[in-house]
Amino acid sequence: MQYFVVMIDYGRRGREAVVDPEITRREVVSRVASGEYRNISFIHEIVERSVEDVTEAILTEAALPQIPPEDVDLQAIRLDHARDLRKHERT
């Protein structure tokens, strides 16, 4: 049997362990990426009688893709800003 334990820290209100034997790794990653799981203390993967800390791996998988700076269109941003400024001009 394989399942994941996601420990969520609520600060002063305590902690909660989310344990669902039917949830897959893909769904854990999806829930982390969507923000459903926040303030994660740790994520453990339990297989048979062994426990593995997979927190770093899952957080890395769930991270948003990085957009290289050369892909950002600075001219379009500048033109959008100029258009927004014109909206507020008095006529």
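1. G35 follows α1 and has a positive phi, near 90°. Helices here are DSSP runs of H or I with at least four residues, strands are runs of E with at least two, and both are numbered from the N terminus.

2. **Basis of the note.** This is a predicted model, in which local features need pLDDT of at least 70, side-chain atom pairs count only at pLDDT 80 or more, and totals for chains, interfaces and linings use all residues. Residues are numbered from 1 along each chain as its sequence is written, and side-chain values use heavy atoms, with hydrogens and water left out.

3. **Overall layout.** The protein chain has three helices and four strands. Along the sequence they follow the pattern β-β-α-β-β-α-α. The protein chain has 91 residues, and 21% of them count as buried. Buried means under 20% relative accessible area, exposed means over 50%, and partly exposed lies in between (1.4 Å probe, protein chains only).

4. In what order do the strands of the open sheet lie? The order is β2-β1-β3-β4, with antiparallel pairing. Two strands pair if DSSP finds at least two bridges between them. β2 and β4 are the edge strands, each pairing on one side only. From one strand to the next, the twist averages 20°. Axes are lines fitted to C-alpha atoms, for helices over the stretch in contact, and angles run from 0 to 180 degrees between N-to-C directions.

5. **The β1-β2 hairpin.** Strands β1 (residues 2-9) and β2 (residues 15-19) run antiparallel and are joined by five bridges. V6 stands opposite V18 in β2. Five residues separate the two strands of this hairpin, and G11 in the turn has a positive phi of about 75°.

6. **Helix α1.** The buried residues of α1 are V28, V29, R31 and V32. Seen down the axis of α1, they fall within an arc of 165°, so they line one face of the helix. The arc is that of the directions from the helix axis to the C-beta atoms. The face turned away from the buried side of α1 carries the exposed residues R26 and S34. What do the buried residues of α1 pack against? They pack against β1, β3 and α2. Contact means heavy atoms within 4.5 Å. α1 lies across β1 and β3, and runs at about 175° to β3.

7. **Helix α2.** This helix lies across β1, β3 and β4, running at about 110° to β3. T55 is in α2, which spans residues 55-62. Is T55 buried or exposed? T55 has a relative accessible area of 9%, so it counts as buried. Leaving aside residues up to four places away in sequence, T55 touches F42 and I43.

8. **The core.** The largest nonpolar core has 13 residues. Those with the most contacts inside it are F4, V6, V28, V32, Y37, I43 and I58. The elements giving two or more residues to this core are β1, α1 and α2. A nonpolar core is a set of buried Ala, Val, Leu, Ile, Met, Phe, Trp, Tyr and Cys residues joined through side-chain atoms within 4.5 Å. I58 touches F4, R25, V28, V29, V32 and I43, not counting residues up to four places away in sequence. Across the protein chain, 47% of the contacts with a separation of 6 or more are between residues 24 or more positions apart.

9. **Two loop residues to check.** Most residues other than glycine have a negative phi. N39 is not a glycine, yet its phi is positive, about 50°. N39 lies in the loop between α1 (25-34) and β3 (40-47). With 55% relative accessibility, N39 counts as exposed. E48, also not a glycine, has a positive phi of about 55°. E48 sits in the loop between β3 and β4 (50-53). Its relative accessible area is 60%, so E48 is exposed.
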